[in-house]
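Walk me through this protein model, please.

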Amino acid sequence: MPAAKSKNKKRSRSAILDVEEASSSKRVKSDSTDPPSSNQGLVYQMQEKFCLATAYKDAKLSRCTSCSRRNGMDTCRFRDIRFIIRDAAGACRGIGFKNKPAETSGRVVFPESWNLDLRKGHVDTIKRAIAAGLLPVLQREIQHLEQKDTICRPREVDVRATCDTCLTSLFSLSWMCRLCGREACADCYAKLSSIHPNSTPASAPKDRRDPERRLIACVPRESHTFQQFFPISRFEEPELRAAVKEMSDILNYDKRAGPSRERTPPTRIPELCYPTPLDASSSLANLDLLASVVAAHPHIPGTGRPSVHPETKPSISTPPTPEPLSPNQRTPTKMPLSAGDVIPLVKVETTTPPHDIEVATTSSTSEPVSSPLLPISPSTSASELSRDTQRLKSKSPALSTKLITPEDDIPFHPTVTFSDSTLTEDIFRQVWAEGRPLVVKGVLDKFHIKWTPQYFIEKYSDHGCMVVDCVTEAKREVTVGWFFAMFGKYSERDDSRIWKLKDWPPSTDFKSAFPELYEDFARAVPIPSYCRRDGVLNIASHFPSNAVGPDLGPKMYNALATEDAEGSKGTTRLHMDMADAVNMMVHAEPCADGTLGGARWDLFRAEDAPAIRKFLCDHFKLANGLDPIHSQQFYLDKQLRAELYAKTGVRSHRVIQRQGEAVFIPAGCAHQVCNLSDCIKVAADFVSPENIERCARLTEEFRAQNLERMWKEDVLQLQTMMWYAWVSCSRSGVVRST
């Protein structure tokens, strides 16, 4: 649908003018409307080029920071908002700034199709989530817009506008210096207002990376004061006010409706509990023991069994009690969602407390075990389980003789696992709303391309790439063929280097670099409405195609095997992603000892992040300001995990990811990975309606890091993304249900 031009009348308010008389260097302020074509013989010339353009040479314009640095990655800060006042003879009489909002409609190209047709249910979900997160910001923006001397500029599409001090993306409530064009977010402007006006670059901190120095620095021999900054707005006022009204109506309606407005879950998901403890001295010493245990609990948790251990707070509702079997019935009455849809794996411990034996989807084992082992349904008999177990043994001999034993004494949270064939979007949303990680198995069959080392050697052998050592972070330029040729050849490699090829391709868009792999990923990824780039419930999918949006992938993560021993740095150190993420393992070599390959994940709950930070700061005596998670410098080995649990009670979701399995990581969940074998993975970020608040919290945390050290730019642009999604849904023609 083509963008419609706004028919609303433009605002008219006093323009900001710095009139410089030709015969004097004295500057005076003058009130006027936005520049007309002529006024009392004066001509208003809009600056349509960069500051150093020949056309403006006689005006002796102050150069903006971009033009001064000749930064090719930036655009002139004053272009299309600053004008030159000339008399009838063409002499410069002064300069001014535009104060009428420019139309953004027509400048941006919104998407018109998604993986599914955009429907009322999608619009409801998206707008309700955005209203809760964006309404307070837009209400403040109206007050910002109403200030005297507000400078108006259209929202940028060719660059990503960020605060020059903290690198946070600029969406609203920003301020601009009229001398150098530097922009500051509301928080940095508040900081500037608190700095003594006599501060100069000479008296400011010497380190150019220091945020205060970046904030104070202006044009040469000048320093910023808050009086030089004027409010900037990128909104059209009628559109802004209409959005605020609709968002208020949505939230007020939901508040009046109360609990009845909440979506009723269409199905109930089995709760994960702990079975009765088993005698570790039992003579059953193979995987048939697992079949017997699970067969004895056709519905998990079974009635009369011990309840969840107090330390584990289940996040999924308990299923209804199954009807008793009649004499002629062989299977129980089918529930809306059977226990077979959530695939458990029994973990047998050598200790006796109930919480040490979990019905979980992964196993903490000294010998890697497929995760999960078997799809268990209420009707599965012990003999059927035994046959399935024998079939599994025949495929993986390494699994046939070893009892599943604990790797260590650190308990883990149970992790819900689904089969891709049974996981629906409604079920996913219920689990995802709890903010817990989950695993989806059986995704490999949907791929049409075999993502093997041989495939990449044949297709991209001569392509250059940069590999990084997992331990020392040393970098090396190699070819794709050289890297993938090492896969599976454990005895031939140098043990001192554990190479990984991460974020591949690093700068090129995955779709452009590997179009056939992009299509294959889009075809196979679970829950495509959330995870695909064009997923209808992925907030990022509504970003205009001609604007500089976030690169959310997919990207490939390829790495050699490493050890999870004491002092290990793992494959990927403890960190948080900027948004939600899904990671699919498309290939795993067998381990060096011939056992089943894969990767070991530790995923921590979002609410445990403060305790983890404090533990790491205390343990490593970190300097103030360094975030031990966002710095990505630490890996919690076995000893550190044990200390963390002993001191704080924090434990992880332990997942052993195998080939053909996808791990979903909610935004805000710290996680780390250790490859048990050489692995090829592909991952993508997405922004779900359920986790907007967590993404916003991460944006603030990243901003705090940028104030300590120049770290990374706010590429997610969450608030801008939410606004574009709101406008996209509004202009789609799909009406919200009421």
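**Cysteines, salt bridges and cores**

Cys 51 counts as buried, with a relative accessibility of 5%. This is a predicted model, and a search of the whole structure turns up zero disulfides. Cys 51 is thus in no disulfide, and its nearest cysteine sulfur belongs to Cys 76, 3.5 Å away. A disulfide is a covalent bond between the sulfur atoms of two cysteines. The cut-off for a pair of sulfur atoms is 2.5 Å. Cys 188 has a neighbour too: the closest cysteine sulfur, in Cys 185, is 3.7 Å from its own, too far for a bond. Cys 188 counts as buried, at 2% relative accessibility.

Charged pairs come next. The whole structure holds 29 salt bridges. In one of them, Asp 254 meets Arg 128, with N and O 2.8 Å apart. This pair links distant parts of the chain. Asp 254 sits in helix H5 (residues 237-257), Arg 128 sits in helix H2 (residues 120-145), and 126 residues separate them. Asp 254 counts as buried at 15% relative accessibility. Arg 128 is partly exposed, at 23% relative accessible area.

Asp 551 pairs with Lys 555 in another salt bridge, where the closest N and O atoms are 3.2 Å apart. Asp 551 is partly exposed, with a relative accessible area of 37%. Lys 555 counts as buried, at 9% relative accessibility.

What does the salt bridge between Arg 600 and Asp 564 tie together? The N to O distance is 3.4 Å. Arg 600 lies in strand E21 (residues 599-603), while Asp 564 lies in the loop between strand E18 (555-559) and strand E19 (572-575), so the pair ties together parts that are 36 residues apart in sequence. Both Arg 600 and Asp 564 are buried. They also belong to a network: salt bridges with shared partners join Asp 564, Arg 600, Asp 602, Arg 641 and Arg 654.

The largest nonpolar core has 110 residues. Leu 138, Trp 451, Phe 456, Phe 664 and Trp 723 have the most contacts inside it. Helix H2 supplies the largest share of this core, eleven residues. Take Phe 456 as an example. Beyond its neighbours within four places in sequence, Phe 456 is in contact with Trp 451, Ser 461, Val 480, Phe 484, Trp 504, Leu 517, Met 556 and Ile 680. A second, separate core has 18 residues, including Ala 161, Cys 185, Cys 188 and Phe 229.

Finally, confidence. The mean pLDDT of the protein chain is 75, and 69% of its residues reach 70 or more.

Definitions and conventions
Residues numbered from 1 in each chain as written. Predicted model: local features only at pLDDT ≥ 70, side-chain atom pairs only at ≥ 80, totals over all residues. Heavy atoms only, no water. pLDDT = per-residue confidence, 0-100. Buried < 20%, exposed > 50% of the residue type's maximum accessible area, 1.4 Å probe, protein only. Salt bridge = Lys/Arg side-chain N within 4 Å of Asp/Glu carboxyl O. Helix = DSSP H or I, 4+ residues; strand = E, 2+ residues; numbered from the N terminus. Core = buried A, V, L, I, M, F, W, Y, C linked by side-chain atoms within 4.5 Å. Contact = heavy atoms within 4.5 Å.
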